[in-house]
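Please describe the protein shown below for a reader who has not seen it before. Cover the overall build, selected helices, a sheet and the aromatic rings.

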Amino acid sequence: MAEAVLIDLFGLKLNSEKNCHQTLLKTLDAVRYHHAAQAKFLCIIRCSNISCERDSEHGNYEVETSNGLSTLFREFETVSNPSMAACLYTIKQKIDEKNLSSIKVIVPMHRKTLVKAFIDQLFTDVYSFEFEDLQVTLRGGLLKQPTEIDKITAQELEEVQNEVETHLRSLPALKGELTIITSPLISDIFIHGFTTRTGGISYIPTLSSFNLFSSSKRRDPKVVVQENLRRLGAAAGFDAKKFYRIKTDHANDVWVMGRKEPESYDGITTNQRGVTIAALGADCIPIVFADPVKKACGVAHSGWRGTLLGIAMATVNAMIAEYGCSLDDIVVVLGPSVGPCCFTLPRDTAAAFHNLDPACVRLFDSPDPYIDIRKATRILLERGGILPQNIQDQKQELSLCTSCHPEKFFSHVRDGLNFGTQIGFISIRE
C-alpha cells in the first residue's frame, strides 16, 4: 500500500462555475476511500498560474467543479505553483518530513512520461513509484485519453532539466552562509579549499545543507548536489563543469588525469589548468596536495583503511613520477576529519596503528581503542619524505573533529548511514 498518493491536476484548469464532473469526483472519492486509512499523505498537484493552463487542443483540459468537488478537494493537501518542478520539490520536502518512500502517482495518461521525467530528476532510488491513469471529464463528456507517450523528446527533457535547475537556483541557502576553509600553505596559483555543511540547499537533517555527494541510498538527488556544487564554484572561482571527484574504494589507487581512468580510486593528480579535483570526506580525511614549482596538484580520500594502505604517499609518488615533482616542494593539507576523541576500532584492527606508532592509539588495552588517523597520516608522510613544515594538520578549523561539531561538519560516525559529505578541492588557476 502506498504511503503517499499524488493526484496530478497540474494541466487541468478548474472552473467552479461549470457542472460537476462526476468522473473526477468519483476518482478522488475512490482515492480517499482506498488510501485515507493507510496513506500518510494525500496530495493534489495544481498549477497556480493561468499561463500554464492551455486549451484542450494542446493537451491540457478544463475541468468543471461543483460544491461537492470543491469540498472533496479540501480533504486533500494541495500544492499549487506555476512550475511543475516547484510543485514536486515542495511535495518531496513534505514526503521527506514524514520519512515516506512508497508513492502512488495518479496522472492523466498523456502526462505520465513527462511527470516521470520530473520525478527522475528530483527523486532517488530510495523512493518507489507506481502510476495509475487519471480519468477526467471534458465539458459534459468522457474525455478520451490519448495513447500514452512512451518517451519524451530531447528538447522536452532539456526543458524539464532547465525548469528543475531554475527552481533550485531560486532557493535560499540554509544553515547560514557558504563557508570555505583554506590553508596559507597553498600558493595563490591554486584555487583550493575545504567545505563545511552550511550554505547549500539540501534540507534533509543529516544532509543539510551543503551536501556534495548523491547516491541511490540517499534522499538528496544529483540535481541538488549539482546546485550546491554550482554555488561552490561561483564562490571559489572554479568551473563546476570541469569538476572531478574521487571514486571511493577505501584503498590506495590513484588516477593520474590524462591516463586511463580506473573503476575506482581514492586519489587524483593533475597538472591541467582549470580542472578542479576533489576528495570526499565525512570523518575520513580529504587531503589536498600542491606543488607550486611544477604546478601540479592532487587530492586523496583517507579513511582508516586508506591510511594504512598509504593513499597519501601513493598520491605524492604519482605526482613525482608523472610531473617530476620534488618531495621538498610538495605541500600537503589535511582537511577536517573525525578525531581520536570519537573514532574507535576493534583492538585487532587498532594494532596496525599501534605498530605504526603507539602515539596513534589511545587506550590500546581496551576492546575498542581510540584511533588518531590524522597523526598516522602525518607520520607516514614524514617517513615518505614530505617536510614536516609542509604538512598542515593541526591549525585553524582544519583540525576540528567532524563528529564533535555538528554545526560545521557532516559525520558518518555521528549521523549514521544517511550522512552528508563535505570535500577538499584544488585546481590550478587558468
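## Basis of the description

Helices (H or I, at least four residues) and strands (E, at least two) are DSSP runs, numbered from the N terminus. The model is predicted: local features need pLDDT of at least 70, side-chain atom pairs count only at pLDDT 80 or more, and totals for chains, interfaces and linings use all residues. Residues are numbered from 1 along each chain as its sequence is written, and side-chain values use heavy atoms, with hydrogens and water left out.

## Overall build and confidence

The protein chain contains eleven helices and 22 strands. Of its 430 residues, 52% are buried; buried means under 20% relative accessible area, exposed over 50%, and partly exposed in between (1.4 Å probe, protein chains only). A contact means heavy atoms within 4.5 Å. Among contacts between residues at least 6 apart in sequence, 72% join residues at least 24 apart.

pLDDT is the predictor's confidence in each residue, from 0 to 100. Its mean over the protein chain is 90, and 89% of the residues reach 70 or more. Over residues 53–61 the pLDDT is below 50, and this stretch has 18 contacts in the model beyond near neighbours in sequence. The pLDDT is also below 50 over residues 137–144, a stretch with 21 contacts beyond near neighbours in sequence. Where pLDDT is low, the predicted coordinates should not be read in detail.

## Helix H8 and the residue after it

Helix H8 covers residues 311–323, which is 13 residues. From its first C-alpha to its last it reaches 18 Å, close to the 18 Å expected at 1.5 Å a residue; the expected span is 1.5 Å times one less than the number of residues. Just after H8, Gly324 takes a positive phi of about 70°.

The buried residues in H8 are Ile311, Ala312, Met313, Thr315, Val316, Ala318, Met319 and Tyr323. They pack against strands S13, S14, S16 (285–291) and S17 (296–302), and against helices H7 (304–309) and H10 (373–384).

His35 belongs to helix H1 (residues 22–35). With a relative accessibility of 8%, His35 counts as buried. Leaving aside neighbours within four places in sequence, His35 is in contact with Met1, Val5, Leu42 and Lys104.

Helix H4 (residues 112–122) is mostly covered, with eight of its eleven residues buried. These are Lys112, Thr113, Val115, Ala117, Phe118, Ile119, Gln121 and Leu122. The buried residues of H4 pack against strands S1 (4–8), S6 (102–107) and S7 (128–133), and against helices H3 (84–97), H5 (154–170) and H6 (222–236).

## A five-stranded sheet

Strands of a sheet pair through backbone hydrogen bonds, either parallel or antiparallel. Here two strands count as paired if DSSP finds at least two bridges between them. Five strands form an open sheet of mixed pairing, in the order S10-S11-S22-S15-S12. Strand S10 (180–181) and S12 stand at the edges with a single partner strand each, so one side of each has no neighbour in the sheet.

Strands S11 (residues 190–195) and S22 (residues 422–428) run antiparallel and are joined by five bridges. Phe194 stands opposite Gly424 in S22.

## Aromatic rings

The structure holds eight aromatic pairs. Rings of Phe, Tyr and Trp (its six-membered ring) pair if their centres lie within 6.5 Å; planes under 30 degrees apart count as stacked, over 60 as edge-to-face and the rest as tilted. The rings of Tyr244 and Trp255 have centres 6.1 Å apart and planes at 70°, so this pair is edge-to-face. Tyr244 lies in strand S12 (residues 243–245) and Trp255 in strand S13 (residues 254–256), so the pair ties together parts that are eleven residues apart in sequence. Tyr244 is partly exposed, at a relative accessible area of 35%, whereas Trp255 is buried, at 7% relative accessibility. Trp255 also pairs with Tyr265: the ring centres are 5.4 Å apart and the planes at 50°, so the pair is tilted. Tyr265 is buried as well.

Phe123, Tyr127, Phe129 and Phe131 form one aromatic cluster. Lys116 lies over the face of Phe131, at 4.9 Å from the ring centre. Such a charge sits over a ring if NZ of Lys or CZ of Arg is within 6 Å of the ring centre and within 35 degrees of the ring normal. Arg218 lies over the face of Phe419, at 4.5 Å from the ring centre.
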